Amino acid sequence: MRLFRSVLVGIAFSALLAAGATGAGAEDEPLGVRLVNQMNALYGAHPGVRANHATGAVFEGMFTPAEGADALSSAVFLKGAPTPLAIRFSNSGGVPDAPDIDPSTGGVRGMAIKFRLKDGSEADIVCISANGFPVATGEDFLALLQAAGASGPDAPKPTPVEKFLSTHPAALAFVTTPRPVAVSYGTQPFFGVNAFKFTNAQGTSKFGRYRLVPESGPAFVSDEEAAKRAPNALADNLRASLEKGPVKFRLLVQVAAADDPTADATKVWPDSRPTVELGEIAVIKALDTKKVENDLLFLPTNVTSGIDPSDDPIINTRTEAYAESFGRRTK
């Protein structure tokens with residue numbers, strides 16, 4: 001119960017920012033637009049800033065494919081020379097410059113990767129630090145945000161968000177899962193939200209979800225230590241580690257079994273499912289985040305030949321919302 005109350009404190013923080021706004025966005029507007037409207041209502045509208053994952057740090061990186069990775073997919077970056085990357089780590093929530101442990105983050109981090117392909121095109125992977133997602137559809141995600149916005153300190157009990165969580169067990173499990181704070185972004189594992197279809201040169205297809213595993217191993221700090229650290233220790237500590245050399249992740253794909261659901265992001269597959277190693281991501285150099293981050297648009301549907309989105313409806317909803325947020329912050 002203590003954890004559940006702490007989660008509600010974070011949601012209430014967002015609700016206070018909303019100042020009672022719960023109906024942002026007309027119902028005839030596209031879902032992605034309504035989601036961004038509601039996030040702006042929850043966190044405040046901040047010109048030139050992402051509506052979600054507002055606080056971030058950008059780095060230059062390099063991807064080196066693992067031997068045999070192209071047996072899973074014919075994607076061009078899975079064979080041949082290494083591929084340069086732009087990598088953005090972030091904290092969830094729409095409050096600019098929010099400290100790592102700010103309640104508005106919910107303890108969720110992001111790692112977005114842009115592959116700069118040799119033909120001049122790009123491909124993206126967008127992961128979070130939670131394995132799974134609280135809801136299965138964009139409509140339910142909007143309903144969750146609206147419930148949070150209506151659950152301020154004066155809301156009668158049970159509050160709208162308590163009612164929502166009581167009827168959505170996956171969302172309840174998501175928000176009550178303990179999320180320790182990592183030593184740095186470089187020691188935080190990340191997970192793909194959605195399933196993708198990977199097809200090799202022979203036409204064989206398999207569904208899978210991305211995983212990013214720190215090569216040095218996951219490492220976390222206690223809540224007490226996290227409270228004493230600098231506000232942006234996750235990024236600061238990664239930058240400090242780069243002074244000794246690249247910080248590396250293994251890029252994996254967890255392969256679905258025939259009966260694993262691939263169109264429901266709330267359904268986490270068993271750890272017994274096999275993984276295929278695609279290669280190594282090396283974080284090499286910190287960039288001037290404020291200078292470069294607004295030009296970076298990461299889209300889950302921005303894929304290359306050999307990788308296709310699954311039928312998971314959240315994928316298109318994420319792309320629609322990210323594109324809407326990008327258009328607003330770059331006006």
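Close-up 1. Buried means under 20% relative accessible area, exposed over 50% and partly exposed in between, with a 1.4 Å probe and protein chains only. The model is predicted: local features need pLDDT of at least 70, side-chain atom pairs count only at pLDDT 80 or more, and totals for chains, interfaces and linings use all residues. Residues are numbered from 1 along each chain as its sequence is written, and side-chain values use heavy atoms, with hydrogens and water left out. S104 sits in the loop between strand 2 (83-91) and strand 3 (109-116). Helices (H or I, at least four residues) and strands (E, at least two) are DSSP runs, numbered from the N terminus. The S104 side chain makes a polar contact with the side chain of D102, at 2.6 Å. A polar contact is a pair of N or O atoms within 3.5 Å; within protein, one must be able to donate a hydrogen and the other to accept it, and residues adjacent in sequence count only if both atoms are side-chain atoms.

**Close-up 2. Strand 2 pairs with strand 1 (residues 55-65) and with strand 3.** Two strands pair if DSSP finds at least two bridges between them. Strand 1 and strand 2 run antiparallel, joined by nine bridges. Strand 2 and strand 3 are also antiparallel, with seven bridges. A86 of strand 2 stands opposite E60. A86 also stands opposite K114 in strand 3. Strand 2 is mostly covered, with eight of its nine residues buried.

**Close-up 3. T55 lies in strand 1.** T55 is buried, at a relative accessible area of 9%. How far apart in space are T55 and R109, which are 54 residues apart in sequence? Their C-alpha atoms are 9.9 Å apart.

**Close-up 4. H53 and D97 are residues other than glycine with a positive phi.** Most residues other than glycine have a negative phi. Phi of H53 is near 50°. H53 is in the loop between helix 2 and strand 1. Phi of D97 is near 60°. D97 belongs to the loop between strand 2 and strand 3. Are these two residues buried or exposed? H53 is buried, with a relative accessible area of 16%. D97 counts as exposed, at 53% relative accessibility.

**Close-up 5. A cis peptide bond joins K157 and P158.** Omega is about -10°. P158 lies in the loop between helix 3 and helix 4 (160-167). Most peptide bonds are trans.

**Close-up 6. Helix 3 covers residues 138-149.** Its twelve residues should span 16 Å at 1.5 Å a residue. The expected span is 1.5 Å times one less than the number of residues. The end C-alpha atoms of helix 3 are 17 Å apart, which agrees. Which residues of helix 3 are buried? They are G138, F141, L142, L144, L145, A147, A148 and G149. An α-helix has 3.6 residues a turn, so residues three or four places apart point the same way.

**Close-up 7. Helix 2 (residues 31-43) packs with helix 9 (residues 313-329) and with helix 3.** Helix 2 and helix 9 meet at an angle of about 60°, with their axes 8 Å apart. That makes helix 2 oblique to helix 9. Helix 2 and helix 3 pack at about 20°, with their axes 10 Å apart. That makes helix 2 roughly parallel to helix 3. Axes are lines fitted to C-alpha atoms, for helices over the stretch in contact, and angles run from 0 to 180 degrees between N-to-C directions. Angles under 35 degrees count as roughly parallel, over 145 as roughly antiparallel, 65 to 115 as roughly perpendicular and the rest as oblique. Helix 2 passes helix 9 in a right-handed crossing, but helix 3 in a left-handed one. A crossing is left-handed if the near helix is turned anticlockwise from the far one by less than a right angle, and right-handed if clockwise.

**Close-up 8. Strand 7 (residues 196-199) pairs with strand 8 (residues 205-214) and with strand 12 (residues 307-309).** The pairing with strand 8 is antiparallel, over four bridges. F198 stands opposite K206 in strand 8. The hairpin of strand 7 and strand 8 has five residues between the strands. In this hairpin, G203 takes a positive phi near 90°. Strand 7 and strand 12 are antiparallel too, over three bridges. Here K197 stands opposite D308 in strand 12.
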